[in-house]
Amino acid sequence: MRRSPRALVTILLLTALTFGAPAVASASTIYPPVDACTSDAAGAGPGDTISFSCDSRTFAPNETVTVTVTGENGAGARFAMVRTAISTASAVFESDASGALPAIRIVLPSDARGVYNIAAISATSTGGTSSAVIDASQSSDPLVRAGFDGNQLMGLWIGAGALLAAGAVIVIASAVRRRRDRTDD
């Protein structure tokens, strides 16, 4: 019985896929343990300093790790003394000899509120994440505690001022007109 070259190629391809796929999957980068990174952000308020760290073997030894903070006004977050001026604050650190990321200090923005996601990633690892839920009631600003942001209210204040000025112009114009009408009689 004669086999066609097409059938032989199909059999070889299926064999390669069957035995080659697991080998390719195991050759990928290292994966960190579940919950490899943590922060001590419980009960943190605006302007507070929190710590973020990752366990051993989360990263390769002594490799560059990028830590990113994402949240409302994330550009206001600072890593120790470095302030970044981008919408998402990022800084580069180095893992230690065991592949852990030692605790780093993150200063939250003074108007922080809501959830901030902190992620660490490197060239060889997907790293890990942690969240910081900011309690606005910890703020000394009564508007922030009530859930308002002064920057967001600026448009409301400008609009209210413009309406007040327009109303004053109408009242003055009508008073001038009445006075003119009385003098004409």
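**Group meeting: a walk through the predicted model**

Some housekeeping. This is a predicted model, where local features need pLDDT of at least 70, side-chain atom pairs count only at pLDDT 80 or more, and totals for chains, interfaces and linings use all residues. Residues are numbered from 1 along each chain as its sequence is written, and side-chain values use heavy atoms, with hydrogens and water left out.

How confident is the predictor? The pLDDT, its confidence in each residue from 0 to 100, averages 75 over the protein, and 70% of the residues score at least 70. Over residues 25–30 the pLDDT is below 50, and this stretch has nine contacts in the model beyond near neighbours in sequence; contact here means heavy atoms within 4.5 Å. Residues 81–87 also have a pLDDT below 50, with 12 contacts beyond near neighbours in sequence.

Now the overall picture. Of the 185 residues, 28% are buried, and buried means under 20% relative accessible area, exposed over 50%, partly exposed in between (1.4 Å probe, protein chains only). If you take contacts between residues at least 6 apart in sequence, 68% of them join residues at least 24 apart.

On to the sheet. Four strands form an open sheet in the order E6-E3-E8-E9, with antiparallel pairing; two strands count as paired if DSSP finds at least two bridges between them. E6 and E9 stand at the edges with a single partner strand each, so one side of each has no neighbour in the sheet. From one strand to the next, the twist averages 20 degrees, using axes that are lines fitted to C-alpha atoms (for helices, over the stretch in contact) and angles from 0 to 180 degrees between N-to-C directions. E3 and E6 run antiparallel and are joined by six bridges, and one to look for is Thr-64, whose bridge partner in E6 is Glu-94.

Then there's E2, which has pairings of its own. E1 and E2 run antiparallel, joined by three bridges, and Thr-38 stands opposite Ser-53 in E2. E2 also pairs with E7 in the antiparallel sense, over five bridges; there, Phe-52 has Ile-104 in E7 as its bridge partner. In a regular strand the side chains alternate between the two faces of the sheet. In E2, the covered face has Ile-50, Phe-52 and Cys-54, while Thr-49, Ser-51 and Ser-53 make up the uncovered one.

That Cys-54 brings me to the disulfide. The structure holds one, taking a disulfide as a pair of cysteine sulfur atoms within 2.5 Å. What does Cys-54 join to? Cys-37, with 2.0 Å from S to S. Cys-37 lies in strand E1 (residues 37–39) and Cys-54 in strand E2 (residues 49–54), so the pair ties together parts 17 residues apart in sequence. The link is right-handed, with 100 degrees about the S-S bond, and both cysteines are buried.

What about the core? A nonpolar core is a set of buried Ala, Val, Leu, Ile, Met, Phe, Trp, Tyr and Cys residues joined through side-chain atoms within 4.5 Å. The largest one has 24 residues, and the ones touching the most other members are Ile-50, Phe-52, Val-67, Phe-79, Leu-101 and Ala-120. At least two residues each come from E2, strand E3 (64–70), strand E6 (89–94), strand E7 (101–107), strand E8 (114–122) and strand E9 (128–134). If you click on Val-67 and leave aside neighbours within four places in sequence, you'll find contacts including Phe-52, Phe-79, Leu-101, Ile-104 and Ala-120.

Last stop, the loops. Arg-57 sits in the loop between E2 and E3 and has a positive phi of about 65 degrees although it is not a glycine. Is Arg-57 buried or exposed? Exposed, at 68% relative accessibility. Asn-62 is in the loop between E2 and E3 too, with a positive phi of about 50 degrees, and is not a glycine either; Asn-62 is partly exposed at 47%.

Ala-100, in the loop between E6 and E7, counts as buried at 10% relative accessibility. Leaving aside neighbours within four places, Ala-100 is in contact with Cys-54, Asp-55, Ser-56, Arg-57 and Ser-95. And the C-alpha atoms of Ala-100 and Phe-59 are separated by 6.3 Å, with the two residues 41 apart along the chain.

Key
pLDDT = per-residue confidence, 0-100.
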